[in-house]
Structures are given as structure tokens and as C-alpha cells.
Amino acid sequence: MNIQKITFGSGCFWCTEAIFQTLKGVKAVTSGYMGGKIKDPTYEQICTGNTGHAEVVEIEYDADEVGLDELLLIFFKTHDATSLNRQGNDVGTQYRSVIFYHTDEQKQHAEAMVKKLTDEQIYNKPIVTEISPVSEFYKAENYHQNYFADNSMKPYCAFVIQPKLNKFAKEFTGKIKPELL
């Protein structure tokens with residue numbers, strides 16, 4: 001196995017976690033906070049938008065099973081990378097579109113993917129995704145981990161996360177772990 005890590009912020013980490021947990025080759029997804037200016041932030045502090053942290057998921061994946069470019073493409077196709085500091089009704093810097101790279105190779109691939117999507121005019125507006133070096137990762141509180149799996153009947157899960165998963169499954173069926181189909 002060739003285990004690598006990359007960290008994505010694409011709005012609410014509950015949605016991002018649910019999508020990447022279904023992906024073949026992904027071994028672990030941990031919700032947390034990154035990119036801010038205080039140590040050990042809490043969810044309540046993050047929600048103020050004053051800490052500078054983004055809600056993120058740290059993804060551990062087997063690079064022999066799923067490629068970095070596949071992960072990046074799924075990241076870009078499952079959120080609005082043209083919306084500055086917001087995803088849907090979630091507004092604030094904590095919901096920004098961001099890739100925290102762990103290696104120079106990841107940085108180069110992320111920049112190349114932004115260029116490719118821009119050149120192909122995939123979006124009507126410019127991509128505003130931040131590409132930054134990894135910084136201290138703070139694991140979110142336990143109730144945020146496996147949120148969709150543990151709370152699928154809650155309204156947010158049913159009306160926000162499930163439609164995103166359905167859209168993802170329709171486009172990326174071959175990439176979903178077979179036990180989840």
C-alpha cells in the first residue's frame with residue numbers, strides 16, 4: 001500500500017466527509033479544522049469565522065488504488081469552487097474552498113487541475129480555491145466524525161448531504177466502494 005494524505009475544505013465537512021468515505025482507495029476520512037490562528041479550536045469558535053480555520057477533511061488514501069488527480073477532480077466536482085467563503089447557505093471563511101497540500105507534488109497537481117478546469121471553461125466564474133501548504137490539523141469533536149453515517153435521518157443529512165451523494169454516485173459509480181452500492 002502507498003498511503004498518502006491530502007486535506008480538502010469545501011464547505012461543511014459533513015458533506016465532504018460523506019463523499020470521500022464512499023470512494024475506493026480512501027482508507028480514512030477525518031473531519032477537522034486547519035489554516036487558522038489559534039490552537040485547539042472548538043466548533044463554536046470556528047463557527048464565528050474569526051479563527052481563520054476552515055472546516056476540512058483529512059483524507060488518507062492508497063495512491064495505488066486512487067490517483068491524486070481523481071481525488072482533485074472529485075473535490076472540484078462536488079462543491080462550488082467559484083464561490084468565495086461560502087457553500088450554499090453556509091457563509092464564512094470557515095467554508096472556503098481550499099486544498100491543503102502535504103507535498104510539492106500535490107501542490108503541482110492542484111495548480112495543474114485549476115489550470116485545466118479554467119482552460120476548459122468548466123465554470124462560468126473564476127475558481128477561487130485556495131491552495132496552501134498543510135498546517136496544524138485539529139480533529140473536530142467526536143460528534144462530527146462519520147456524521148452522515150451516524151445521522152442519515154436528520155433533516156440536514158436528508159436534504160443537503162444525500163442529494164450531493166446521489167449526484168456523486170451518478171457521475172462516479174465506478175469509483176464507489178462496492179459494499180456501498
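## The largest pocket

Helix α6 gives the most to the lining of the largest pocket, with five residues. Helices here are DSSP runs (H or I, at least four residues), numbered from the N terminus. This is a predicted model, in which local features need pLDDT of at least 70 and side-chain atom pairs count only at pLDDT 80 or more, while totals for chains, interfaces and linings use all residues. Residues are numbered from 1 along each chain as its sequence is written, and side-chain values use heavy atoms, without hydrogens and water.

The volume of the largest pocket is about 280 Å³. Among the 14 residues that line the largest pocket, Ala18, Thr22, Phe148, Leu165 and Leu180 are the closest to its centre. A pocket is an open set of points on a 1 Å grid over the protein atoms alone, with protein on both sides within 12 Å along at least five of seven lines; lining residues have an atom within 4 Å of a point. A volume is the space filled by probe spheres set on the points, which are joined across faces, edges and corners.

## The largest cavity

A cavity is a set of grid points where a 1.4 Å probe fits but cannot get out. The model has one cavity of 30 Å³ or more, and the largest cavity holds about 40 Å³ of space. Its lining consists of Ser10, Cys15, Thr16, Ile19, Phe20, Thr78 and Lys164. Helix α1 (residues 13–21) contributes the most to this lining, with four residues.

## Helix α1

Nine of the nine residues of α1 are buried, that is, under 20% relative accessible area (1.4 Å probe, protein chains only). Among them are Trp14, Glu17 and Gln21.

Definitions and conventions
Helix = DSSP H or I, 4+ residues; strand = E, 2+ residues; numbered from the N terminus. Buried < 20%, exposed > 50% of the residue type's maximum accessible area, 1.4 Å probe, protein only.
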